[in-house]
Amino acid sequence: MPDERTSAGVEPAVPARLVVVTMAAAVFLLSMIQTLVVPVLPEIGTQLGASATAVGWVTTSTMLTASAVTPLLGRLGDVFGHRRVILAALVVTLAGSILAAVTHSIELLIAGRVLQGASFGLFPLAISVLRQALPKEKLTGAMAVTASALGVGSGIALVATGLLTQGGADYRRIFWLCVGMTVVVLVLSAIAIPRLPGQGGRVDYRGAAVLGVGLVCLLLPLSQGHAWGWGSVKVIGLFVAAVVILAGFIVLQRRTREPLVAFALLVRRPVLATNLAALCIGFAMFSVFLGITYFVETPDAVAGYGFTASILRTSVVFMLPGAIVSMFTGPLAGRLVARIGPRLVLLLACVIGLVGMALLAVLHDTTAEVIVGVIICNAAIAVAYASMPTLLVMNVGPHETGVANSINSIMRTVGGAIGSALVVTILASQVATHRLPTGPVSLPTESAFVWTFGLGGAFFLLAALLALFGIPRTSSSRLTPTEEREEEALSLAGEFASSSIDLREASPERG
């Protein structure tokens, strides 16, 4: 495979170890920003007096920004140099973190989260820096450390949120933590990232704008449809607009000399199957984590199921073990990819995920049963996403690697949005009213959660079928010994989405 690192064998001006630490810290920050807000969404609504629909925008806004800017940031880094784009993204992230930390307005909090969405571009940019700045013999370990930071950041964020907000403490503490971490990463990046030149070329700003608008029109009704009504003019109109705009984007890219996304790349059978599998895994990821979060926080004395878990217990007891496991399964999956091929690894991960979802649907009466199910699903998602970058790299040219992984990331986001929308709809529609001394309260039925986990299992099954029949064996066979080291590094750099997740983009009304 051609080596696309422009400075292979050239040592950066600063020690390689400092470059690796800095890029790992940037990825840690990204993971922390994604995860910190999840367990505290109800507290945000209570403290700001905001509705569940408005609070849902705290995560929806970041997702929309990420889907719109990720391909653009990647292209800007390729053209102008990754150092300046990373620094710019960190400055925008810092501004958003400060705004979120000081405001007492739900509207300004959402605006701050929009700015924080710039951090989503840090992972692919960090991997690009490593591939440019480090010699080949150091690349495998560097990418493994950087990718593992996603799991570390997610796990620490879950614990930090629980500790900082226990007892109903001010939720803004978590955003001050973001401010401090962003400052640290910004200083490290200014010192450690080498001033390597970009590859030159043009940036298709027009295409990026059209793609961003189209994705917003698609993701917005998916995330808000339960509140607006799935048959409302607003939802249907946005879906129609998304179809028209994204179709126009394809036509535009075909007529652009240096397009943001080459359409011919997307319709290649292995690439298309991998992207559809990413959508399925994204759906499954949200169905398990969103479902589990609501399930364990349900008061068992009222509903007859659940664990009446606090934010701290939900984070530390039920979620953290799975995040820790994903830290180790990701790198292990990278080595497995190098030995048996990414197609079989993806298939194996989907089968494991199907088993985990089935266990959650059937066995969820004890704490141990739920934790085991979450661990199995987390491991499956980590392994699945570890296989996808290599699948893409083996089926695209070197100059297409960045955009191919950007589209794969967007497909994961779309899948997560669909999963979140369907889960919230199921939990909000299948409810039972319980009469308490303080008044009636409506909670999802236990069968609603069984349906949620069952849907997640169905999408794992669909992803397995895509791996089995959609990806040709010849395009993902076992690597030769000379390719193993480089491809292992690429797989280790995969997006381990299970450890960097936005669990709740809206809340089902609970009465």
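Which residues do ring pairs link into a cluster?

1. In this predicted model, the cluster consists of Phe295, Tyr305, Phe307, Phe318 and Phe449, joined through ring pairs. Across the whole structure, the search for aromatic pairs returns seven.

2. A charged side chain also meets an aromatic ring: Lys234 is placed over the face of Trp228, 4.4 Å from the ring centre.

3. The largest nonpolar core comprises 81 residues. Those with the most contacts inside this core are Ile281, Val288, Ile292, Val296, Leu346, Ile381 and Phe460. Helix α12, spanning residues 269-297, gives the most to the core, contributing 17 residues. Apart from this core lies another, of 58 residues, which includes Val19, Ala25, Ala89 and Ile127.

4. Leaving aside residues up to four places away in sequence, Phe460 touches Ile281, Ala284, Cys350, Gly353, Leu354, Met357, Ala380 and Ile381. Both Phe460 and Ile381 are listed among the residues with the most contacts inside the largest core.

5. Ala192 belongs to helix α8, which covers residues 173-192. Ala192 counts as buried because its relative accessibility is 1%, below the 20% cut-off. Residues up to four places away in sequence not being counted, Ala192 is in contact with Val14, Leu18, Val19 and Thr22. The C-alpha atoms of Ala192 and Arg17 are separated by 9.5 Å, although the two residues stand 175 residues apart along the chain.

6. As general background, nonpolar side chains tend to be buried together in soluble globular proteins.

Conventions. Residues are numbered from 1 along each chain as its sequence is written. This is a predicted model: local features need pLDDT of at least 70, side-chain atom pairs count only at pLDDT 80 or more; totals for chains, interfaces and linings use all residues. Side-chain values use heavy atoms; hydrogens and water are left out. Rings of Phe, Tyr and Trp (its six-membered ring) pair if their centres lie within 6.5 Å; planes under 30 degrees apart count as stacked, over 60 as edge-to-face and the rest as tilted. A charge sits over a ring if NZ of Lys or CZ of Arg is within 6 Å of the ring centre and within 35 degrees of the ring normal. Helices (H or I, at least four residues) and strands (E, at least two) are DSSP runs, numbered from the N terminus. Buried means under 20% relative accessible area, exposed over 50%, partly exposed in between (1.4 Å probe, protein chains only). Contact means heavy atoms within 4.5 Å. A nonpolar core is a set of buried Ala, Val, Leu, Ile, Met, Phe, Trp, Tyr and Cys residues joined through side-chain atoms within 4.5 Å.
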